[in-house]
Each structure stands twice: as structure tokens, then as C-alpha cells.
Amino acid sequence: MTPALPLALMLSFTAFAADVCNPNDFQGAYGFQLSGTSAISGVAKPIAGVGRMVLDGSGGLSGTSSATFAGVLQGNPVTGTYEAHTDCSVSWALQDDSGGYQHFEGTMSPDGKRVQFRQTDPGGEEERGIAIQTSADCTDADIKEHYTFTASNRAPLDVDKNTIQLEDTCFVHAEVVILPVATINMRGILVDGGKQILAIQTDPGTAVTAKFVAR
């Protein structure tokens, strides 16, 4: 029986019912988030990932992927290839700097701005994700004043812009205060013009996904 998806991903998912899509709409920059369990290394372990990929319009892609696997944060530049089809199906393969490949397939929305996907490699079948178009570049102005923060292991919280710091290529670092004294660290990617941030917790020993939604 497939385990229930984390709340952050359940809230993100939309049922895409279109029968026809324009493959050319699947291009540009996307922020993505995935979570689940991976047995690629032999033993099933929790994983949470966030990243950015840029599709060049000709079947090639590049970007950056960060993931917490078994509680250890890893980050790599990635390159790869992708395909999109008129039935709204899409697929892509990412190669990290160690030479390893990961393969994904999914369904895009009619406008090409959102994709629900899963990993297809043996041992990675329990990983599910969402990809949403993002800007070619981001500025501080893209970070909204107030967000509702929802993590896969916590109740919703209200957070403001002061907790979020823009890094580069639309990635952000956020420090979210959990009363009375705890602070959790998040790495996220601005998507949808800054109206949303897809994120993972980066503190050691965690594999937590989260979402910030502007309010």
C-alpha cells in the first residue's frame, strides 16, 4: 500500500485533466520539490529534495538539486535532457557531477506551468514531487511580506519576510521560529512570482518538506 503523501505535497497537487498540451510550453525555469522514501542505496530511507532546473526549449536542461537523504544534506549541480508530449506527459533525466542519473516522469498542466511527477528509477518509486515555473532570476521584491508556512510535520504558522533571505537563482534560506525556543532552517525555491516557496528543512537528521504560501 502506497504511504500517504506529506501534507506539503498534498496541498500542492492539482488534478490535471487536459487531454492535449503544447510541448513547447514546457520550457524555462522551474522550481521543484519531492519527498518520499528511496531504496536506491539498498535500504529504504526518507528523502526530501528541492531544486531548480532550466529547460532550454531544445531538449536540454541544467540546474541545481539539494536533498536530505537519511538526514544528511547533499547538493549538486545537474544537467540532463527532457521530453514533452501533446498528451501532457513529460519526462526528464538528471545527471549529477558524480555521473549518476535519476529519471522522472509526470503530467503537466495545460499551460505548462505546473508538473506533478515521480521518480522512475528502481528503488525510487515512492518519491513524488511538484514542479512550478519560476523566474529567470529573482530579487528581494519577489519575496512577499507575509506567508503561511506549512511543513509535513508541523501545524501551519504565519511568517514574515524578515525570516527569509534571498541567496541566488531564486533560492532562499529561511529561519522559522517554532515557539517557545526552537528555530528550524529551511532551503527553498521561489516559484509563481514569489507567491509560493517550495522548501526542505536542512537541519541534520531531518527529511522534511515545507511550503510557504503568500497571504
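What is the volume of the largest pocket? The volume is about 450 Å³. A pocket is an open set of points, on a 1 Å grid over the protein atoms alone, where a 1.4 Å probe fits, with protein on both sides within 12 Å along at least five of seven lines. Its volume is the space filled by probe spheres set on the points, which are joined across faces, edges and corners.

The model is predicted: local features need pLDDT of at least 70, side-chain atom pairs count only at pLDDT 80 or more, and totals for chains, interfaces and linings use all residues. Residues are numbered from 1 along each chain as its sequence is written, and side-chain values use heavy atoms, leaving out hydrogens and water.

**The pocket lining**

A lining residue has an atom within 4 Å of a point. The largest pocket is lined by 24 residues, and Ile47, Ala67, Gln74, Asp96 and Gln102 are the closest to its centre. By class, the lining has 10 nonpolar residues, 11 polar and 3 charged. Here Ala, Val, Leu, Ile, Met, Phe, Trp, Tyr, Cys and Pro count as nonpolar, Asp, Glu, Lys and Arg as charged, and the others, Gly among them, as polar.

Strands S1 (28-38), S2 (45-55), S3 (60-69), S4 (72-84), S5 (89-96) and S6 (101-108) each supply at least two residues of this lining. The largest share, 4 residues, comes from S4. A strand is a DSSP run of E with at least two residues, numbered from the N terminus.

**Strand pairs**

Two strands pair if DSSP finds at least two bridges between them.

| Pair | Bridges | Residues opposite each other |
|---|---|---|
| S1 and S2 | 11 bridges | Leu34 and Gly49 |
| S11 and S12 | 3 bridges | Leu166 and Val172 |

S2 has 8 of its 11 residues buried, where buried means under 20% relative accessible area with a 1.4 Å probe, protein chains only. S2 forms a hairpin with S3, with 4 residues between them. In the turn, Gly57 has a positive phi of about 85°.

**The open sheet**

An open sheet is formed by 7 strands in the order S10-S9-S15-S14-S13-S12-S11, with antiparallel pairing. Strands S10 (154-160) and S11 (164-166) stand at the edges with a single partner strand each, so one side of each has no neighbour in the sheet. On average, neighbouring strands of this sheet are turned by 25° against each other, direction ignored; the axes are lines fitted to C-alpha atoms.

Notes:
Buried means under 20% relative accessible area, exposed over 50%, partly exposed in between (1.4 Å probe, protein chains only). Axes are lines fitted to C-alpha atoms, for helices over the stretch in contact, and angles run from 0 to 180 degrees between N-to-C directions.
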